[in-house]
Every structure is written in C-alpha cells, then in structure tokens.
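Please read it with the structure open beside you.

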Amino acid sequence: MEKVRLYDKTFRPFIPNEKIMDSIAKTAEKINADFRGCEDIPILLCVLNGSIMFTAELMQMLEFNCELVSIKLTSYEGTGSTGHVKQAMGLTADIRGRRVIIVEDIVDTGNTIVELKRILEEHGAAESKVCTMLFKPDSYTKDIPIDYVAMEIPNDFIVGFGLDYNEIGRSLRDIYILDE
Ligand code: 5GP
Ligand code: MG
C-alpha cells in the first residue's frame with residue numbers, strides 16, 4: 001500500500017481493509033449475541049457522514065431486524081476537534097420508546113457521544129447502546145460506557161473508510177494515519 005496525499009497532508013497506510021472487515025465481523029457477532037431473537041425492532045443510528053461505510057458493512061452482518069435512522073453531527077475542522085458539536089441534520093425518524101444502537105465511525109474526546117445521548121433522551125428513546133468502529137482510549141474523557149468497539153487506536157489523526165480530512169479521503173477502502 002502506498003501513501004496518499006490529501007490537500008496539504010500526507011497519510012501512510014495504517015489498517016488494511018481485510019483487518020477492518022474482520023473487526024466489524026467480530027463486533028457484529030457481539031451485537032448479534034445481545035440482540036438475536038429480540039421481539040422489538042432496534043434502531044441503528046448512523047451518525048453521518050463518517051459512519052456511513054461502517055454502518056453499511058455492520059448492518060449486513062446483523063441477524064435480527066433493525067431500522068436504519070440517521071443524524072448528522074459535526075465537530076471536527078481539519079485535524080482537530082473544535083470541542084463544539086453542531087447538529088447539521090436532525091433524526092430522520094421518530095425513535096420514541098425504541099432501543100437504539102448508536103453507530104459511530106470514531107469516538108475521540110466523547111463530546112459527540114454525550115450530545116447523542118442527550119438528543120436520544122430528549123426524543124424519548126427507551127435505551128441506547130454505543131457501537132464504534134474506532135476508539136481512542138487515551139483521548140476519551142467521559143463516563144459513558146462504549147458498549148461495542150471494533151478497534152482501538154492511539155491518539156493520532158486518521159482517514160479512510162468513511163473518515164475524512166476536510167471532506168476528502170472518505171472513499172479510501174483502507175485506513176491511513178497522518179504522516180509527520
Ligand atoms: P469526539 O466528539 O468523540 O471528540 O469526536 C467524534 C468525531 O470527531 C468523530 O465522529 C469524527 O467525525 C471526528 N474525529 C475524531 N477523531 C478523528 C480522526 O482521527 N480522524 C477523522 N477524520 N475524524 C475524527
Ligand atoms: Mg462521527
């Protein structure tokens with residue numbers, strides 16, 4: 001695999017697609033163990049835009065009926081968090097009384113998760129779990145448990161498999177890390 005250039009920055013290969021897919025399969029197995037045979041129809045909440053690829057792959061591996069709902073939140077500019085979570089698009093469906101599985105691309109400081117939990121409570125969700133493709137344990141400062149983590153990574157800036165640098169790089173099938 002080769003390095004990629006996005007605007008002014010260079011990124012080097014970090015997690016190959018095969019490893020990403022393998023970790024998603026393992027995560028799906030854990031969710032299936034918890035939800036298989038359930039009588040309700042849980043909601044998969046795709047947090048746009050970053051989570052789009054992860055949600056699509058994960059969903060295909062789930063062995064129970066679920067409903068896809070989206071929301072769009074933004075907090076990053078360039079390679080860092082602004083510390084301020086903006087709601088760019090609200091929930092695409094009514095979630096009142098439903099169990100929700102939040103599907104995130106990456107949990108970094110946890111600000112987004114705090115805001116998501118607040119929004120879900122405000123809209124009357126019965127219960128919510130957090131599932132993330134990537135988790136930065138050294139950056140996370142919140143008490144909310146992250147129920148399903150596909151991969152843990154160090155506190156570096158990454159792109160690919162849905163994750164962007166100023167909106168480009170999302171389409172890369174592998175994950176890349178900032179090359180300094
Ligand atoms: P948090 O609110 O937990 O600090 O950050 C969550 C959001 O910030 C993620 O959903 C993602 O959009 C963005 N983010 C955090 N770390 C990274 C990263 O390393 N690369 C990219 N592209 N986005 C990130
Ligand atoms: Mg996200």
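1. How many bridges join β9 to strand β10, and in which direction do the two run? There are 2 bridges between β9 and β10 (residues 175-178), and the two strands run antiparallel. Strands here are DSSP runs of E of at least two residues, numbered from the N terminus, and two of them are taken to pair if DSSP finds at least two bridges between them.

2. Before going further, please keep in mind that this is a predicted model, in which local features need pLDDT of at least 70 and side-chain atom pairs count only at pLDDT 80 or more, while totals for chains, interfaces and linings use all residues. Residues are numbered from 1 along each chain as its sequence is written, chains are lettered from A and ligands numbered from 1 in the order in which they are written, and side-chain values use heavy atoms, with hydrogens and water left out.

3. The strands of point 1 belong to an open sheet of 4 strands, with antiparallel pairing and the order β1-β2-β10-β9. Its edges are β1 (4-6) and β9 (158-159), each of which pairs on one side only.

4. Ligand 1 is surrounded by 17 residues (a heavy atom within 4 Å), and the closest are Thr109, Gly110, Thr112, Ile158 and Asp164. Among its polar contacts (pairs of N or O atoms within 3.5 Å), a backbone N or O atom of Asp164 lies 2.7 Å from a nitrogen atom of the ligand, whereas a backbone N or O atom of Asp108 lies 2.9 Å from an oxygen atom of ligand 1. Taken alone, ligand 1 exposes 510 Å², of which the protein buries 92% (Shrake-Rupley method, 1.4 Å probe).

5. The magnesium ion (ligand 2) is coordinated by Glu104 (OE) and Asp105 (OD) at 2.3 to 2.4 Å. Donors are N, O and S atoms within 2.8 Å of the metal (3.2 Å for Na, K and Ca), and because water is not among the atoms, sites may look incomplete. Both Glu104 and Asp105 are buried, meaning under 20% relative accessible area, with exposed over 50% and partly exposed in between (1.4 Å probe, protein chains only).

6. A search of the whole structure finds 0 disulfides (cysteine sulfur pairs within 2.5 Å). Cys38 is too far for a bond because its sulfur is 8.9 Å from the closest cysteine sulfur, in Cys66; Cys38 counts as partly exposed, at 22% relative accessibility. Cys46 is likewise in no disulfide, with the nearest cysteine sulfur, that of Cys131, 11 Å away, and at 4% relative accessibility Cys46 counts as buried.

Technical notes
A polar contact is a pair of N or O atoms within 3.5 Å; within protein, one must be able to donate a hydrogen and the other to accept it, and residues adjacent in sequence count only if both atoms are side-chain atoms.
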